[in-house]
Structure formats: structure tokens, C-alpha cells
Amino acid sequence: MSVVFSTEAACPVCGAKTFRYIEMLYDTPFFGNVLIQSGYCQTCGYRFFDIDYAEVGRPTRVIFTARDGVDVAKSFLIRSKTGTIYSPDLGFTLEPGSHGEPMITTVEGFLYKVIDYAERLKVLEPEGRERVDQFIQRVYRKIEEGGFTLVVEDPLGKSLVIPYREGTARVEYLDAIGQPQGST
Ligand SMILES: [Zn+2]
């Protein structure tokens, strides 16, 4: 990953000159060049996030399998505000509406966020505490050991996983009703 452009500019929403804008380029064997644009205004909190790559605009499903802790620590997850992330093995789904903020993070960083959400859930629903604790323990273990699958679906094709090792992620292109149209 390299930063290709970075500036502090006038915010498109509030006009204050506190809008930090950054462009990053990932050169990936899997997706080709991926350009990420990200901005944040410290005055009004406005966030901008976009991603450009060859397949953008097509509904995608990325299936990533972490074989071990290295895959977890060194693979990147890019989630646009329309991306849904779920894991059948770990047993969670993050819909765009509920925790919809765009993010660029390692898979490890993402799983720590999931643990954060689960901790908050424990406060809101004390009666489910034991079940949530078991879930959290399982996620901690999977961060160390790998051995799980993460699925990222995005109707606009703007969410993806950039795997550390080739062969650990694949992409399916989906039509409007969610059927695979072929894969890379
Ligand atoms: Zn602003």
C-alpha cells in the first residue's frame, strides 16, 4: 500500500479547512490496482470513502479463508458503506445499516471491532451474556489460529478482501437475485 496523494482541504459540507483527504494505491495480484479515496472532516464529522478498481459497480461476493493467524494479521479488509460481512463459522453478520461505517483494516483489526460490538451487546442484553462470552472467546481463538471463512457481499462491488496469500480469497460476481455469474 502506498499513499499517492494527501491534503487538507475545504470540507464539501461545512466549508471548514479541516477536511483531510487521502488517496492510497494497493497493487494487488488479485484485483489489480485498487485506488482508495478517503476523507474526514474534523469540524463536522463528514466522511468520504470510495474505492476504484476494474470490477467496480458489479455485485460481488468475496469469500476469504484464513488458514492461520498470519492470514488474519496480514490480509486487508475494505468495506464500503454498502458491504455486508458475515462468517458462517464464527456466527455473525454485519449488515450495512447497523454498523455501516466504511473501513479499511486488517482482518485482525476487523475481528477486534466485532469483539467490541459483542461487548456492547452484552451490556444491552445481560441475559445473553454467557452466549456472547463464548462467542468472544471463539473470535479471540480464531484471531490466533485462523481456520475460518469471511464472506463480504456488496451490491456495488466496492467491498473486498486483499489477501496476504494468493489462493485464500475468491470473488463471485452476482446478478440482481444473488446468483453466482462466474468467478475469478
Ligand atoms: Zn466539515
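Predicted model: local features only at pLDDT ≥ 70, side-chain atom pairs only at ≥ 80, totals over all residues.

Guide: Happy to! For 184 residues, a compact globule would have a radius of gyration near 16 Å, and the chain has 17 Å, which agrees. Along the principal axes, the C-alpha trace spans about 50 × 40 × 35 Å. Of the 184 residues, 23% count as buried. Among the contacts with a separation of 6 or more, 61% come from residues 24 or more positions apart.

Now for the elements. The chain has three helices and 13 strands, and the open sheet you asked about is built from three of these strands, in the order 9-6-11, with antiparallel pairing. Strand 9 (103-106) and strand 11 (160-162) stand at the edges, and each has a single partner strand, so one side of each is left without a neighbour in the sheet. From one strand to the next, the twist averages 20 degrees.

Let's zoom in on the pairing of strand 6 with strand 9. Strand 6 covers residues 76-79, and four bridges join strand 6 to strand 9 in the antiparallel sense. Then look for helix 2, residues 107-124. Helix 2 lies across both strand 6 and strand 9, and runs at about 110 degrees to strand 9.

Stepping back, where does this part belong in the chain? The domain assignment gives domain 1 as 1-54 and domain 2 as 57-183, and the residue ranges of strand 9 and strand 11, like those of strand 6 and helix 2, fall within the bounds of domain 2. The centres of the two domains, taken over C-alpha atoms, are separated by 22 Å. Where they meet, eight residues of domain 1 are in contact with eleven residues of domain 2. On the domain 1 side of that meeting place, strand 2 (19-28) and strand 4 (47-52) each supply at least two residues. By class, this side of domain 1 has seven nonpolar residues, one polar residue and no charged residues.

Definitions and conventions
Residues numbered from 1 in each chain as written. Domains from an automatic or database assignment. Contact = placed C-beta atoms within 7 Å. Nonpolar A, V, L, I, M, F, W, Y, C, P; charged D, E, K, R; others polar. Rg over C-alpha atoms; globule rule 2.2 N^0.38 Å. Buried ≥ 20, exposed ≤ 12 C-beta atoms within 10 Å, placed from the backbone. Pairing = 2+ DSSP bridges. Axes fitted to C-alpha atoms, helices over the stretch in contact; angles between N-to-C directions.
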